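Let's walk through this model together, one piece of secondary structure at a time. Keep the sequence and the 3D view open as you read.

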Amino acid sequence: MTQSPIVPLDMSQRRRFLRLSLASAGAVSLSSFLAACGSDGDDDRPADEPPAETPPPGETPPVDPPAPTSPFAQMSELRAADENGVMLPDGFSSRIVARSGVAPLAGAEPWHGAPDGGACYPTADGGWIYVSNAELALGADGRPAGGVGALRFDSNGELVDSYPILKGTGGNCAGGPTPWGTWLSCEEFEFEPGGPEEALIGRAAGLVWECDPHTPWVDGQVGRSFPALGAFAHEAVCVDAENRTLYLSEDASGGRFYRFVCDASDWPANRDRPRMQSGKLQVLQISALPHDAEVVAAAAANGVDLNAPCAVQWLDVVSPEQGQGYTRVMERLAGRTPPGTEFPKCEGTWFFNGIVYFTTQSNHRIWAYDVANETVEVIYDGNQNSVDSINYSINRPDNITVTALGEIIAVEDGGNLEVGVVRLDGTSQAIARLVGHENSETTGVALSPDGTRLYFSSQRGTTGDSADGVTFEILLPSPAR
């Protein structure tokens, strides 16, 4: 297997890498990056160091494996919509793998409504499983109507099974895959403590739930939630295993970006996963901005350039056992300032190579938090995109994933209902656009483990009704790996 180039952790070096990478059809190799950053290869070796050995006569010299390439590096403009209503570049093709209310296979349960966040997992036979949240809040009986469904594919990409893996939850928006192979599903709604909704279902809402993609749900079982990860309008979560930290986004008008730092007892060095029960729940605060201020407006008022690295602090939340939206209201009523910078409509998040990426849909931005240097900055701003452009790209980024090369794949909540890529050189382009889905949103973007397929959903289909969601598969012209 070829090794992907390592995207530098330091953001200033990463920018240089981004400019170099994918400048042509292929990606720049790590050795090329090192040379571009100041290394002259063998010319930098000490004077007394002998040159590299050459192979004996008649022996074939070793050949470096080809640098990995990306199917998203050079794409044509989007072509007319195919029979599934999907506009795609040349060489890409689509199929529908599931529709809400319809059993994907004979004998399976109907596919859930309002499909949202998703991810893919490898299976032992060389296939994979695609999981998808159901962003359905409360049913007619007042109880949670959401959950998570799974589609299992064999090594040839044929759908061979479909089953739920979580029930009894509500508003399952996005979430995130874990390094230990499970899916964390996030509820995106919050009750007032002690209110009628909480009394009805007997628990707080806006929690994170864990489920196993390989294990079908059995009616009567009870899902596992993690109140220590907070109760708020959860959108997505990602895991930095090296630093024993989870990062979480809040999809609300006054939302925050959070982290949960596990205690040593919660994630001991000898365990490959945390208990997610004991640690500190904290919010991100840009140091140069006032607390409880909307990030873009506050930056403009205080002369802070969000396109450059901004130092941050992590502040403990107030009353971590309570709903955070409610707690902020109570703090303001008491004349106190809630901690944290406001990132309105904070949506998808993904951890990759020391960087935590997250999106803010309402102001069209993708952000990067540098874990080692504790800085955050805007790395993509969709405000300048033209709605009339055939390659409209990404205007209202929502769920995201990151390829093995470091490209960011995002879906849109609004905009032109597109799936788009932000390449390593900072350019962006639409991968797919839905036609006739104007009252929907694109969700659940995920790559198959072999990189040959890209999954996403139209949450409300062509009718705008959550009962009419559609889940798509895009066959890529070459593997994204």
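Strand E9 (residues 208–211) and strand E10 run antiparallel and are joined by two bridges. Across this pairing, Trp-209 stands opposite Ser-225 in E10. The two strands belong to an open sheet of four, ordered E7-E8-E9-E10, with antiparallel pairing. Its edges are E7 (172–177) and E10 (224–225), each of which pairs on one side only. Strands here are DSSP runs of E with at least two residues, helices are runs of H or I with at least four residues, and both are numbered from the N terminus; two strands pair if DSSP finds at least two bridges between them.

A word on the model itself: it is predicted, with local features needing pLDDT of at least 70 and side-chain atom pairs counting only at pLDDT 80 or more, while totals for chains, interfaces and linings use all residues. Residues are numbered from 1 along each chain as its sequence is written, and side-chain values use heavy atoms, leaving out hydrogens and water.

Now turn to helix H4 (residues 295–302). Its buried residues are Val-295, Ala-298 and Ala-299 (buried means under 20% relative accessible area, exposed over 50%, partly exposed in between, with a 1.4 Å probe and protein chains only). They cover an arc of only 100 degrees around the axis, so they sit on the same side of H4 (the arc is that of the directions from the helix axis to the C-beta atoms). On the other side of H4, Ala-300 and Ala-301 are exposed. The cover over the buried residues of H4 includes strand E14 (279–286) and strand E18 (365–370). At the N-terminal end, Glu-294 caps H4, with a side-chain oxygen 3.2 Å from the backbone nitrogen of Val-296. After H4 comes Gly-303, whose phi is positive, near 65 degrees.

Helix H5 (residues 324–333) has Gln-324, Thr-327, Arg-328 and Glu-331 as its buried residues. Seen down the axis of H5, these fall within an arc of 100 degrees, so they line one face of the helix. They pack against strand E12 (245–250) and strand E13 (257–262), with contact meaning heavy atoms within 4.5 Å.

Finally, look at the aromatic rings. Ring pairs link Tyr-247, Phe-257, Trp-314, Phe-343, Phe-358, Trp-367 and Tyr-369 into a cluster. Rings of Phe, Tyr and Trp (its six-membered ring) pair if their centres lie within 6.5 Å; planes under 30 degrees apart count as stacked, over 60 as edge-to-face and the rest as tilted. Both Trp-314 and Tyr-369 are buried.

Key: Polar contact = N/O pair within 3.5 Å; in protein donor to acceptor, adjacent residues only side chain to side chain.
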